[in-house]
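This briefing sets out selected features of one protein model, grouped by topic. Please read it alongside the sequence and the structure shown here.

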Amino acid sequence: MKHFSNEDINNLEQRYRALLVNSLSGFKSANLIGTVDSAGQENLSIVSSVFHLGACPPLVGVIFRPHSVPRHTLENILETKTYTINQVNAQIYTAAHQTSARYGKDESEFEQTGLTAEYLNGFSAPFVGESRLKYALELRDHQRIKLNDTELVIGEIISLHVDETALQPDGYVDIEALESVAISSLDGYHTTKRLNRLEYAKAHQPTRIKKLG
């Protein structure tokens, strides 16, 4: 087994180190964040750092890289306090990846990649029309993490849109049925295969496979 000390990792070539360390957390969800600035300029960017923070209220966190260069998505969120998160599926993952290119502030990634900007229920930020699971958020907190200058954004879900075929009677969303895509490292894209759903774990009782239907 290959061993890397902390010194070894810090001395690696920059791109190699980025791919290596980003691989360590395993599969991450692929999402597109849709925003618009106060002048109406739309922006769309792929992220792999979305995480669940709480269900009541429904809070979602996102980590952004340091704001040492223009970060149009982050800037738009801080300016308008609104944004959308749209899960990436197998039909759009190449277009979603292309949004990571360095387009200018006056260029819409929707237009550049062929993805559809969709406005729903009067919400000011654009959704991705091709996404089958998407939700609108309002900014609730923003913090700079001093350790590495990354930016934490916390939003509350105020509107949710999900393909009914994936919504189970108990509230479980079958993201596999939506062909949702996962990311490994910075550029690996994957579809998944569920092993099972398991019953709620109880001490001193065997693990049980959940019976569905």
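How much space lies in the largest cavity? The model is a predicted one, and in it the largest cavity holds about 40 Å³ of space.

**The cavity**

- The count of cavities of 30 Å³ or more comes to one.
- Its lining is made up of Gln41, Glu42, Asn43, His72, Asn76, Gly104, Lys105 and Glu107, and the elements that contribute two or more residues to this lining are strand 3 (42–47) and helix 3 (72–80).
- Sorted by class, the lining of the largest cavity includes five polar and three charged residues, with no nonpolar residue among them.

- Strand 6, which spans residues 82–87, is mostly covered, with six of its six residues buried.

**Nonpolar cores**

- The largest nonpolar core has 14 residues, of which Ile33, Val50, Phe64, Ile77, Tyr83, Ile85 and Val153 touch the most other members.
- Strand 5 (58–64), helix 3, strand 6 and strand 9 are the elements that give two or more residues to this core.
- Leaving aside residues up to four places away in sequence, Ile85 touches Asn31, Leu32, Ile33, Val50, Val60, Val62, Leu133, Lys134, Tyr135 and Leu137.
- Another core, of 13 residues, lies apart from the largest one, and its members include Leu32, Ile46, Ala95 and Leu115.

- Three strands form an open sheet in the order 1-11-12, with antiparallel pairing.
- Strand 1 (28–29) and strand 12 (188–190) stand at the edges, and because each has a single partner strand, one side of each is left without a neighbour in the sheet.
- Strand 11 (residues 182–184) and strand 12 run antiparallel and are joined by three bridges, and the bridge partner of Ser184 in strand 12 is Gly188.

Technical notes. Residues numbered from 1 in each chain as written. Predicted model: local features only at pLDDT ≥ 70, side-chain atom pairs only at ≥ 80, totals over all residues. Heavy atoms only, no water. 1 Å grid on protein atoms, 1.4 Å probe; cavity = no way out; pocket = protein on both sides within 12 Å on 5 of 7 lines; lining within 4 Å. Points joined across faces, edges and corners; volume = space filled by probe spheres on them. Helix = DSSP H or I, 4+ residues; strand = E, 2+ residues; numbered from the N terminus. Nonpolar A, V, L, I, M, F, W, Y, C, P; charged D, E, K, R; others polar. Pairing = 2+ DSSP bridges. Buried < 20%, exposed > 50% of the residue type's maximum accessible area, 1.4 Å probe, protein only. Core = buried A, V, L, I, M, F, W, Y, C linked by side-chain atoms within 4.5 Å. Contact = heavy atoms within 4.5 Å.
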